[in-house]
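Here is a quick walk through one fold, for someone who likes to see the geometry before setting up a calculation. Have the viewer open and follow along.

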Amino acid sequence: MSKAELNLAALGFALPVAAAPVANYVPFVRTGNLIHISGQVSNDGKGGLKGTVGADLSVDQGVEAARICGLNLLAQMKAAAGDLDNVVRVIKLNGFVQAGPEFYDIPQVINGCSDLMVAVLGDAGRHARSAVGMYKIPLGFAVEIDAVIEVMDRR
């Protein structure tokens, strides 16, 4: 088990199975040492967290939804890199929150994913990011987050 997976287990989380695409796209694309990971929604395999943060869902539920996205991103990272310890750096996260009309705590919600990346990957998990409120997210999920990561050279 990788050091990152041990950190994840110490936090009380298990790495989910990397989700298959639900439309005409691939889960990730590697170019050189960069991997672009397609958006991962707040689906935990038990239905996940759906709804609108600030209307149907609380901030805390939004944070949990972002954490679920983070777990799904980590699963894709492992699938793409072979091992989470091959992740050199999380370069950027783009976070999208299905937000109610008067909801502005979008950065706080996306912290659910950002905090998880740092807790699991250490300094390699520190990243640039965007946090955006959206009218709708696919399939009604509360949060979607994509990522760009750097991995070790294959040579």
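Let's start inside a helix: Gln-76 is found in helix H2. Keep in mind that this is a predicted model. Is Gln-76 buried or exposed? With a relative accessible area of 1%, Gln-76 is buried. Leaving aside residues up to four places away in sequence, Gln-76 touches Ala-18, Ala-19, Pro-27, Phe-28, Ile-37 and Gln-40.

Now the sheet. Five strands make up an open sheet in the order S1-S2-S5-S3-S4, and the pairing is mixed. Strands S1 (28-31) and S4 (128-134) sit at the edges with a single partner strand each, so one side of each has no neighbour in the sheet. On average, neighbouring strands here are turned by 15° against each other, direction ignored.

Strands of a sheet pair through backbone hydrogen bonds, in either a parallel or an antiparallel way.

Helix H2 (residues 59-81) touches S1, strand S2 (34-41), S3 and S5, and its direction makes about 140° with that of S2. Helix H3 (residues 106-121) touches S3, S4 and S5, with its direction at about 160° to that of S3.

Back on H2, have a look at Val-63, which is found in that helix. Val-63 counts as buried, at 16% relative accessibility. Once residues up to four places away in sequence are set aside, Val-63 touches Gln-108, Val-109 and Gly-112. There is also a distance to check here: the C-alpha atoms of Val-63 and Ser-114 are separated by 10 Å, although the two residues are 51 apart along the chain.

Next, the cysteines. How many disulfides does a search of the whole structure find? The count is zero. A disulfide is a covalent bond between the sulfur atoms of two cysteines. The sulfur of Cys-69 has its closest cysteine sulfur in Cys-113, at 6.8 Å, which is too far for a bond. The cut-off used for a disulfide is 2.5 Å between the sulfur atoms. Cys-69 is buried at a relative accessible area of 0%, and Cys-113 also counts as buried, at 0%.

Here are the accessibility values for the residues on this tour, side by side.

| Residue | Relative accessible area | Class |
|---|---|---|
| Val-63 | 16% | buried |
| Cys-69 | 0% | buried |
| Gln-76 | 1% | buried |
| Cys-113 | 0% | buried |
| Leu-139 | 57% | exposed |

There is a helix pair to look at too. Two packed helices are described by the angle between their axes and the distance between the axes. For helix H1 (residues 3-10) and H3, the axes come within 7 Å and cross at roughly 120°, so H1 and H3 are oblique to each other. H1 brings Ala-4, Asn-7 and Leu-8 to the contact, while H3 brings Leu-116, Ala-119, Val-120 and Leu-121. By type, the residues of the contact of H1 with H3 are six nonpolar, one polar and no charged.

Finally, a backbone detail. Most residues other than glycine have a negative phi. Leu-139 has a positive phi, near 65°. Leu-139 lies in the loop between S4 and S5, and at 57% relative accessible area Leu-139 is exposed.

Note on methods. Residues are numbered from 1 along each chain as its sequence is written. This is a predicted model: local features need pLDDT of at least 70, side-chain atom pairs count only at pLDDT 80 or more; totals for chains, interfaces and linings use all residues. Side-chain values use heavy atoms; hydrogens and water are left out. Two strands pair if DSSP finds at least two bridges between them. Helices (H or I, at least four residues) and strands (E, at least two) are DSSP runs, numbered from the N terminus. Axes are lines fitted to C-alpha atoms, for helices over the stretch in contact, and angles run from 0 to 180 degrees between N-to-C directions. Contact means heavy atoms within 4.5 Å. Buried means under 20% relative accessible area, exposed over 50%, partly exposed in between (1.4 Å probe, protein chains only). Angles under 35 degrees count as roughly parallel, over 145 as roughly antiparallel, 65 to 115 as roughly perpendicular and the rest as oblique. Ala, Val, Leu, Ile, Met, Phe, Trp, Tyr, Cys and Pro count as nonpolar, Asp, Glu, Lys and Arg as charged, and the others, Gly among them, as polar.
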